[in-house]
Amino acid sequence: MTTMADLETLLAAHEDDAFLPGTLARLDEREEFPDEAVRLLDDAGLPAHYVLPPDGDFSETVRLLRTVARRDLTVAIAHGKTFLGSAPVWVAGTPDQAARLAERVRAGEPVCWGLTERDHGADLLASEFTAVADTDAGEGGGAGGWRLTGEKWLINNATRSTLACVLARTDPAGGGRGFSLFLVDKQRLPQGSWRNLPKVRTHGIRGADISGFTLADAPIPADALVGEEGGGILVVLKTLQLTRTACTALSLGAADHALRLARDFVSGRELYGRRLADVPHVRRILGRAAAAALTAEAVSVLSARSVHTLPGELSAISALTKAYVPPLTQQTLTSLGELLGVRGFLTSPPGGGFAKLERDHRICAIFDGSTVVNRAALLNQMPRLARQLSRRRADTEGLRAAADLSAPLPPFDRDRLTMLSVTGCSAVQVLPETAERIRAHGPPQAGPLIDRLIAEFARLETELADFVPVAGGLPSTAFGIAEAYERAYAAAACLLLWLENPPLRTGRLGTDGLWLRACLTALLGADDTEVFDALADVLLGTPAPEFTLWGGAV
């Protein structure tokens with residue numbers, strides 16, 4: 001398995017060929033798959049990090065995928081999709097299924113996840129792709145097998161993959177128990193039973209294999225069933241708790257890339273005899289963008305480690321994380337694009353690839369449920385979350401292990417995944433206590449921000465106490481509550497990382513609580529010229545990609 005240092009060294013060594021921005025831009029223009037870059041990642045052993053059981057480190061997977069994404073999102077999405085396709089087996093497969101799939105994933109075989117259909121999109125309960133039990137499935141099937149028929153569309157790696165995890169209707173009546181998941185091996189299917197659909201042209205990630213496939217009475221063996229018959233929807237929803245969290249790696253990498261482009265531009269550009277990096281307004285924009293990127297990172301760090309330490313809370317954590325990080329990153333890209341001006345729209349030098357980066361990232365908010373879908377999922381749990389919040393109960397041990405970046409992570413325990421979090425969201429529930437710890441032991445300069453944070457939290461508690469779900473849907477005002485809850489989690493992530501990691505309290509980012517103050521200032525919508533100017537100064541003096549909390553604490 002590759003390390004962060006190994007991967008950085010590899011990517012840096014190939015910035016003149018496979019990962020040359022110009023090369024990737026030309027592939028994008030021609031809508032061609034980045035074969036050479038993907039092959040390098042395979043040879044480096046990155047696929048091994050997509051295997052979660054028995055001792056995989058999910059947080060390391062996120063960090064490594066972020067490292068690729070800060071070079072090119074198309075490559076990261078195309079390669080990382082194998083984790084999404086194999087994750088249902090890590091969640092619900094038998095030990096034998098997991099072992100066999102792990103061997104093939106480590107060997108670099110791409111896996112896709114066949115969920116969506118042309119006429120139904122994210123409405124999985126309307127899916128028409130069927131699996132019919134076959135007592136004599138014949139070649140490729142065997143007694144007790146299944147026959148699959150139907151179409152899956154807008155599937156990443158649909159054509160390139162050798163394996164596909166497919167959701168199929170196993171009960172004609174449908175419903176929550178009417179669907180099952182199957183791991184289909186293309187190589188074992190009779191000729192003609194599988195047909196690839198044409199590549200779909202997309203606005204972003206143009207080189208990715210976004211296509212589809214159809215199966216026509218395709219026989220598969222009984223052991224292709226993942227989990228229980230009728231348990232497909234449940235497995236999908238639990239798997240999404242992992243994949244939604246993994247998606248943050250793409251946004252973090254995009255923010256890294258954008259900050260580097262903006263930093264290089266303002267450092268080397270002069271306007272009316274003055275370096276652009278010295279213009280106060282420019283520094284303020286750069287500092288605020290840097291604060292947003294660090295806040296997104298804090299959320300991603302805590303959530304990724306919580307996969308191991310707080311798996312029972314992932315139904316809430318994954319939804320709020322996916323709803324929060326990609327939109328915040330997209331806003332950050334927008335502000336930096338305005339800073340770049342017309343160069344941000346160029347598709348060739350001296351634009352530096354920002355236009356491609358910005359449109360590539362837009363898809364990240366849609367992956368595995370849009371922002372609205374994830375906020376709705378969070379709001380469906382809000383009464384339970386509100387009750388736990390009022391009781392101030394929390395899994396403090398699991399939370400501390402998630403926040404302490406030097407603490408070893410326990411193995412991922414899929415049996416602790418639940419559809420609804422029984423213990424709520426520990427990070428939010430201890431926010432008042434955590435804020436008081438910061439007031440007592442944190443940087444004195446953070447005191448006024450802590451006062452504002454506690455006041456906002458009190459307003460959130462009042463709104464939650466009055467929140468009543470409406471039958472048949474959610475009122476538009478409810479989504480404001482979800483956003484406030486997400487901000488509370490983001491603030492808690494920042495505070496916890498500060499408290500549990502002494503290295504994050506040192507150096508240029510940590511002195512006088514700079515990064516913490518900047519993140520809280522941005523979260524609270526405050527305007528502090530001094531703190532954003534100071535953060536911009538650190539960014540301008542930090543060689544990419546070292547402007548990060550994660551790397552500074554481990």
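Author: A residue is called buried under 20% relative accessible area, exposed over 50%, and partly exposed in between, with a 1.4 Å probe and protein chains only. Arginine 392 has a relative accessible area of 36% and is therefore partly exposed. The model is a predicted one, in which local features need pLDDT of at least 70, side-chain atom pairs count only at pLDDT 80 or more, and totals for chains, interfaces and linings use all residues. Residues are numbered from 1 along each chain as its sequence is written, and side-chain values use heavy atoms, with hydrogens and water left out.

Reader: Which residues illustrate the classes buried and exposed?

Author: Valine 372 counts as exposed, at 54% relative accessibility. Threonine 67, at 0%, counts as buried, and leucine 40 is buried as well, at 15%. Over the chain, buried residues make up 60% of the 554 residues.

Reader: Where do valine 372, threonine 67 and leucine 40 lie in the secondary structure?

Author: Helices (H or I, at least four residues) and strands (E, at least two) are DSSP runs, numbered from the N terminus. Valine 372 lies in helix H12, residues 371-380; threonine 67 belongs to helix H4, and leucine 40 to helix H3. The chain has 22 helices and 10 strands.

Reader: What is the radius of gyration of the chain, and how is the value judged?

Author: The radius is taken over C-alpha atoms, and the globule rule is 2.2 Å times the number of residues to the power 0.38. For this chain the radius of gyration is 23 Å, close to the 24 Å that the rule gives for 554 residues, so the chain is as compact as a globular protein of that length. The C-alpha trace spans about 75 × 55 × 40 Å along its principal axes.

Reader: How is the meeting of helix H4 with helix H9 described?

Author: Axes are lines fitted to C-alpha atoms, for helices over the stretch in contact, and angles run from 0 to 180 degrees between N-to-C directions. The axes of helix H4 (residues 58-69) and helix H9 (residues 280-309) come within 7 Å and cross at roughly 145 degrees. On the H4 side the contact is made by Phe58, Ser59, Val62 and Arg66, and on the H9 side by Glu297, Ser300, Ala304, Arg305, Val307 and His308. Ala, Val, Leu, Ile, Met, Phe, Trp, Tyr, Cys and Pro count as nonpolar, Asp, Glu, Lys and Arg as charged, and the others, Gly among them, as polar. The residues of this contact divide into 4 nonpolar, 3 polar and 3 charged.

Reader: How many aromatic pairs are there, and why is the pair of tryptophan 194 and phenylalanine 213 put in its class?

Author: Rings of Phe, Tyr and Trp (its six-membered ring) pair if their centres lie within 6.5 Å; planes under 30 degrees apart count as stacked, over 60 as edge-to-face and the rest as tilted. This rule gives 4 aromatic pairs. The ring centres of tryptophan 194 and phenylalanine 213 are 4.3 Å apart and the planes lie at 25 degrees, so this pair is stacked. Tryptophan 194 is in strand E6 (residues 194-197) and phenylalanine 213 in strand E7 (residues 210-220), so the pair ties together parts 19 residues apart in sequence. Tryptophan 194 is buried, with a relative accessible area of 14%, and phenylalanine 213 is buried at 0%. Tryptophan 498 and tryptophan 515 form a tilted pair, with 6.0 Å centre to centre and 55 degrees between the planes.

Reader: Which backbone angles deserve attention at glutamate 31, arginine 392 and proline 54?

Author: Most residues other than glycine have a negative phi, and most peptide bonds are trans. Glutamate 31, not a glycine, has a positive phi of about 55 degrees and lies in the loop between helix H2 (21-30) and H3. Arginine 392 has a positive phi near 60 degrees, in the loop between helix H13 (382-391) and helix H14 (396-403). The peptide bond from proline 53 to proline 54 is cis, with omega near -5 degrees.

Note on methods
Contact means heavy atoms within 4.5 Å.
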